[in-house]
Protein chains: 2
Amino acid sequence: MAKIFNSKNSTRKDVIIQKAAMLYKSKSYATASMRELAEALGVEAPSLYNHIGSKSELLQIICFKVANNFIEQIKAIQSGGDTNAVKIEAIIRFHIKMMLDNFDEVYVSNHEWKHLKEPFLTDFLNTRRSYEQSLVNLVEAGIETNEIKPVNAYVAVLTILSAVRGLEFWQRNKKNIPQQVLEDDMVHHLLNGILN
Amino acid sequence: MAKIFNSKNSTRKDVIIQKAAMLYKSKSYATASMRELAEALGVEAPSLYNHIGSKSELLQIICFKVANNFIEQIKAIQSGGDTNAVKIEAIIRFHIKMMLDNFDEVYVSNHEWKHLKEPFLTDFLNTRRSYEQSLVNLVEAGIETNEIKPVNAYVAVLTILSAVRGLEFWQRNKKNIPQQVLEDDMVHHLLNGILN
DNA sequence: TGAAAAAACTAATATGCGTTAGTTTTACAA
DNA sequence: TTGTAAAACTAACGCATATTAGTTTTTTCA
């Protein structure tokens with residue numbers, strides 16, 4: 001009946017993907033049907049196939065868009081001239097910003113990657129592993145230069161990535177804590193702890 | 001054909017639940033069918049209904065078993081005579097132990113609660129919110145007594161809970177880091193930071 | 001304005017799902 | 001050894017799913 005709204009800088013496919021991310025976040029990928037997605041767009045389900053190849057393609061696009069975002073950012077940070085500690089802080093802040101500004105897509109990437117089909121699943125996991133390794137290397141470099149305590153670098157990276165990811169639980173309190181306070185507090189917590 | 005194995009201290013229902021947790025962890029609740037669960041148990045799907053009421057009952061049991069475990073533990077810790085900092089450390093260590101010792105069920109509870117049906121979903125979320133509030137109160141008490149820096153207590157709790165939850169990613173490295181090192185490093189990181 | 005392309009529609013198919021009904025087999029206690 | 005309860009079985013139902021084929025409507029642009 002209606003036609004999918006086509007805003008200035010986004011194709012119909014982009015609009016579908018964005019709505020899919022919203023839906024997969026709130027209902028999960030497996031439970032959200034193409035009919036529901038179509039209804040949210042004011043369209044019948046088969047019409048979607050004029051723009052996309054399959055349901056799983058939607059998930060692939062979402063997951064790899066997020067992954068590529070992080071990959072690009074760490075490359076930029078790595079090639080800068082900052083100290084290791086400053087680089088690590090920059091990455092933490094970037095994660096927090098991504099989590100808050102691209103909530104739906106990051107959430108879906110974090111939660112629903114398991115439903116990717118091969119070979120995309122393997123590709124996604126390799127990308128993530130490689131990203132984590134970059135962070136481990138950064139922490140270990142920081143330990144070498146005495147900027148960072150001699151901890152197990154992998155545990156530190158795991159702690160940081162998981163803490164930041166937990167911002168998905170934060171939205172319900174958005175009104176009570178300014179975003180900058182949240183970001184600064186979490187960065188300080190992860191770098192300096194909370195004990196006096 | 002075969003009969004579900006019935007070990008000494010667990011009923012057939014217990015065996016089904018344990019296997020369901022394994023399956024829901026690896027495949028997700030929505031994607032794992034009763035036929036798959038039955039096959040993993042060496043049985044036909046309808047046979048399961050001699051022991052359980054429905055698929056969603058399995059999820060309920062898993063989620064609330066985990067939730068009750070945490071509730072009981074925090075009650076015990078709250079009523080002890082330790083300092084606030086020691087109480088917080090004890091909770092962190094309990095979370096880590098739960099994550100490592102009851103991996104399947106904790107994972108499923110963390111990931112699949114969204115598929116709970118009402119009124120269980122509301123109940124689960126209320127329980128979790130109340131648990132988080134207990135932790136917030138503990139952190140705020142620690143700030144009052146100058147044990148803890150004057151941070152936003154909710155952000156601190158969010159950081160701690162999320163970091164610990166991230167241990168779900170840890171299993172692939174189990175061989176390389178002893179569990180005690182992992183636990184001690186993460187506790188130290190969350191309490192004292194990593195910067196020199 | 002009219003032709004071409006884009007994007008919607010309806011109808012239908014094959015598949016897998018949770019679950020029920022009814023029946024048969026197995027296990028245990030008297 | 002036999003009777004009873006537990007637990008398995010087969011067959012089937014109704015429903016929702018992703019996707020396809022074929023057709024019609026809408027938009028675009030020369």
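This is a predicted model: local features need pLDDT of at least 70, side-chain atom pairs count only at pLDDT 80 or more; totals for chains, interfaces and linings use all residues.
**View 1. Chain A laid on chain B.**

**View 2. Where the two chains meet.** Chain A brings 37 residues to the contact, and chain B brings 37 residues too. On the side of chain A that touches chain B, α7 (153-165) and α8 (179-192) each supply at least two residues. The biggest giver on that side is α7(A), with 9 residues. By type, the side of chain A that touches chain B holds 20 nonpolar, 12 polar and 5 charged residues. Since 100% of the interface residues of chain A are also interface residues in chain B, the copies meet through the same surface.

**View 3. Inside the largest nonpolar core.** This core has 94 residues, and those touching the most other members are Ala20(A), Ile62(A), Val157(A), Ala20(B), Ile62(B) and Val157(B). Zoom in on Ile62(A): leaving aside residues up to four places away in sequence, Ile62(A) touches Ile17(A), Ala20(A), Ala21(A), Glu105(A), Val108(A) and Ser109(A).

**View 4. Helix α4 of chain B and its packing.** Helix α4 of chain B (residues 84-101) has 18 residues, so at 1.5 Å a residue it should span 26 Å; its end C-alpha atoms are 25 Å apart, which agrees. Buried residues of α4(B) are Lys87(B), Ile88(B), Ile91(B), Ile92(B), His95(B), Ile96(B) and Met99(B). The buried residues of α4(B) pack against several helices of chain B, including α3 (55-78), α6 (120-144) and α8 (179-192).

Notes. Residues are numbered from 1 along each chain as its sequence is written. Chains are lettered from A and ligands numbered from 1 in the order in which they are written. Two residues are in contact if their C-beta atoms, placed from the backbone, lie within 7 Å. A nonpolar core is a set of buried Ala, Val, Leu, Ile, Met, Phe, Trp, Tyr and Cys residues joined through C-beta atoms within 7 Å. A residue is buried if 20 or more other C-beta atoms lie within 10 Å of its own, exposed if 12 or fewer, and partly exposed in between; C-beta atoms are placed from the backbone. Helices (H or I, at least four residues) and strands (E, at least two) are DSSP runs, numbered from the N terminus. Ala, Val, Leu, Ile, Met, Phe, Trp, Tyr, Cys and Pro count as nonpolar, Asp, Glu, Lys and Arg as charged, and the others, Gly among them, as polar. The expected span of a helix is 1.5 Å times one less than its number of residues.
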